[in-house]
Amino acid sequence: MKKTIKYLSFGLTAVLALNACSDKFLEDKKNYDNAQSDIYNYYTGADGRVQDLYSWCLPTVGDVSWRNPSMGNADLCSKATEEYAGLSAFVDPEIELNSLGQTNSVPDFFMGQQNNIQEAVYGRIRNINDCIEGIKGGTLPQTDKDFLLGQCYFLRAWCYFNLFKWYGGVPLVTSMLEPVEGEASFTPRSTSAATKEFIENDLNQAALLLGGKKMAGNDSYANPLYGRVSSGTALALKGRLLTLWCSPLFNRSGDQSRYTAAYNTMKADLQTIQDCGYGLYTSGSNLNGSDFCNQFLQSSFNKEAVFVTLYNQIVSDDGLDTQKNNNWERSIRPSNTGGSGKNASAMLMNLFPMSDGKLPANVEADNYTLLERSTMSAPAEYPFMDRDPRFYHTFAMPGFRWAYSGDASLKDEHNPADGSNYTLWNYVWFTSLDDQGNPESGNSYGADNLLSSRSGIYVRKKSDDLDMNTKPLYQYMATYSKGAAPFFSAAPLIELRYAEVLLNMAEVACGAGHVAGNVEGEAEYYLQQVRDRAGVPAWTNLTGNQQACMSAILYERMIEFAYEGKRFDDVRRWLLFDGGDKFSTIPGAPATWNVSGMFGSNTCAWLGVKPLNGQIRTNMSFRVADKYGVGGKEWNSDPMAGVARPAGIDLREEDIATQMNTLKDWYTENLVPRVTWADGYYTSRELKSINYRPYYYFLGLSSGAQSANKMLPQTIGWGDYNNGGMGTFDPLAN
């Protein structure tokens with residue numbers, strides 16, 4: 001790396017992020033700015049240096065960026081999948097990303113903020129390398145060095161993994177570069193295979209060095225080790241890396257030997273991951289999927305949370321960095337509770353399983369053709385009937401209880417006052433019949449003072465639901481005067497869950513040919529553990545059918561990890577936008593880019609999955625029935641104001657079937673489903689559909705990154721800003 005690296009310093013910032021919820025940590029907090037080399041000669045100083053690395057490297061709740069992976073927001077990635085409608089730049093047919101200028105520029109996940117020495121991607125890597133060298137050269141006992149170095153190697157692997165998944169091969173900077181100009185400071189772009197091997201080696205080294213520090217047991221937020229990575233964390237991330245390496249993005253021919261090698265490695269590693277205390281979160285009750293909800297809301301050691309970022313409830317008006325809140329709760333809650341709300345796509349809602357674990361009977365016949373269909377349907381008129389328990393903890397719609405600890409009427413007297421009994425009634429009405437009959441009109445108004453700040457189907461995933469968690473992890477401050485929403489949450493952010501460990505294991509087992517039978521080592525065994533926790537039965541048609549089994553695993557990932565920022569990565573690594581049959585159209589792409597071997601010539605066809613390209617996503621809402629006419633624009637202009645409402649669906653009750661039937665009857669009498677074509681229109685008034693270009697599967701370097709690194713080759717398929725013509729770097733070449 002040339003120009004950017006030379007400007008990086010190794011100063012420290014506030015060492016807060018790792019144990020933001022630990023009182024002991026806050027008491028011991030020190031300022032490690034402008035650290036000198038002797039800081040590594042005493043444990044507190046060296047550990048503070050490592051904690052600073054966490055503060056820059058841990059994922060946060062936000063949109064995808066050079067610093068963070070996607071976390072479930074309606075961002076560039078999630079709006080390219082089934083999760084949210086509204087075309088992101090990745091899939092907008094009228095926007096073609098390029099690497100030659102600022103207009104419609106390819107996202108820069110390679111450099112980031114080049115002038116910010118901490119934020120820049122390679123700035124963080126340089127900071128980690130500096131810390132590694134400092135610890136190695138210090139005088140601490142070797143056991144202390146090992147514990148600290150293990151964390152450093154993991155964080156470096158994490159940074160490189162987030163480059164690898166976008167670009168394949170990248171420059172591997174492993175030491176502090178001298179601040180000199182010219183070719184002497186240049187690090188070439190390594191092959192994808194070498195990059196993968198480097199990350200794997202760092203993770204193996206981390207697991208070895210952290211072997212004596214297994215974060216099992218009853219660790220709580222008061223324990224300064226809680227939230228740090230362990231040997232199990234390192235091996236779990238290695239499993240994600242190997243699963244990616246086996247996937248068609250990097251393995252176009254479906255080379256089974258690659259799957260077999262990953263299977264053998266990951267199966268051996270699984271015991272260590274379990275020995276570290278990790279496993280599926282269960283409580284012994286799991287009423288109506290309560291374990292699925294509560295796994296995100298544990299204030300003590302949570303065996304599901306293999307890689308986690310901690311937060312706190314602190315509200316600081318003085319600008320101090322002790323405040324570290326998780327803003328997810330405020331972003332998903334409806335506006336009449338103090339949030340902003342996220343509008344889930346009808347596409348994903350419609351694809352969710354029925355209570356028997358199978359696809360709804362009314363899912364389009366050409367989608368997931370290898371998976372079993374339920375005898376039950378999910379009609380638009382009442383889509384909540386008889387669904388997988390995870391459905392009710394992923395979405396919310398009119399008539400669903402969504403209790404919270406607080407009183408939103410303190411902010412606006414027209415808001416519902418009793419948070420502990422809050423039920424969402426987000427049906428809408430229009431002010432004119434013309435708008436009511438116009439599928440493009442957005443001039444609707446929501447009940448209970450939602451008005452124009454309403455969503456049709458709310459994202460509920462990861463919510464701190466008072467009915468599920470009677471000791472919420474947030475402060476609710478309805479009258480907070482600083483402009484922020486009132487939920488100041490300490491809910492942990494889980495980047496890598498044990499459920500993913502199992503589904504990664506299932507995927508490589510399936511690819512290696514270990515498909516049939518619910519016994520250890522077989523794909524169905526790992527898949528069904530996740531479904532058992534969800535409370536849904538097993539598939540009955542997977543035995544001996546590798547394609548159906550792989551399709552079921554990917555379908556399970558879509559459901560289990562909805563709105564956790566994982567779906568785009570799965571769609572991309574499995575080439576699900578088009579099946580990978582368009583690579584021959586990319587200038588300079590060799591024949592090795594074409595899908596072949598085990599996958600046939602198209603991964604979508606092999607899986608029986610309908611390609612996302614060409615599909616049109618919709619949003620759904622529920623409007624008042626025609627007999628109620630229209631309303632006004634004020635809180636008290638609801639045309640259904642006098643209509644009695646049933647009790648909200650209470651997931652604490654054993655019998656929800658009766659409740660659901662009551663709500664179904666109420667919907668039938670009073671509401672009409674309304675579908676809007678949320679992906680937009682061309683000027684010709686034709687509907688837009690998803691269009692992900694084949695050369696996007698591996699990103700090119702942006703013009704800014706190229707200009708700062710003039711000797712780095714551009715990726716095939718992207719314009720070369722420095723040399724003209726097209727890129728020559730092949731992420732699939734050895």
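The charged end of Arg189 sits over the ring of Phe729, 3.8 Å from the ring centre, where a charge is taken to sit over a ring if NZ of Lys or CZ of Arg is within 6 Å of the ring centre and within 35 degrees of the ring normal. Arg252 likewise lies over the face of Phe583, at 4.1 Å from the ring centre. The model is a predicted one, in which local features need pLDDT of at least 70 and side-chain atom pairs count only at pLDDT 80 or more, while totals for chains, interfaces and linings use all residues. Residues are numbered from 1 along each chain as its sequence is written, and side-chain values use heavy atoms, with hydrogens and water left out.

In one of them, the rings of Phe90 and Phe568 have centres 5.3 Å apart and planes at 15°, so the pair is stacked. This pair links distant parts of the chain, since Phe90 belongs to the loop between α3 and α4 (121-137) and Phe568 to helix α16 (residues 567-573), 478 residues apart; helices here are DSSP runs (H or I, at least four residues), numbered from the N terminus. Phe90 and Phe568 are both buried, a term for under 20% relative accessible area, against exposed for over 50% and partly exposed in between (1.4 Å probe, protein chains only). The rings of Phe583 and Trp593, with centres 6.0 Å apart and planes at 85°, form an edge-to-face pair, and these two residues are buried as well.

Helix α3 (residues 43-57) has 15 residues and reaches 21 Å from its first C-alpha to its last, close to the 21 Å expected at 1.5 Å a residue, the expected span being 1.5 Å times one less than the number of residues. Because 13 of the 15 residues of α3 are buried, this helix is largely enclosed by the rest of the structure.

Two residues other than glycine have a positive phi. Asn288, with a phi of about 50°, is in the loop between α8 (256-275) and α9 (290-294) and is buried at a relative accessible area of 16%. Tyr563, with phi near 60°, is found in the loop between α15 (546-560) and α16 and counts as buried at 0% relative accessibility.

On a 1 Å grid over the protein atoms alone, a cavity is a set of points where a 1.4 Å probe fits but cannot get out, and lining residues have an atom within 4 Å of a point; points are joined across faces, edges and corners, and a volume is the space filled by probe spheres set on the points. There are seven cavities of 30 Å³ or more, and the largest cavity holds about 200 Å³. Of its 19 lining residues, Phe161, Arg240, Glu500, Asp569 and Asp570 are the closest to its centre. The lining of the largest cavity divides into four nonpolar, five polar and 10 charged residues, where Ala, Val, Leu, Ile, Met, Phe, Trp, Tyr, Cys and Pro count as nonpolar, Asp, Glu, Lys and Arg as charged, and the others, Gly among them, as polar.

Conventions:
Phe/Tyr/Trp six-rings, centres within 6.5 Å; stacked < 30°, edge-to-face > 60°. 1 Å grid on protein atoms, 1.4 Å probe; cavity = no way out; pocket = protein on both sides within 12 Å on 5 of 7 lines; lining within 4 Å.
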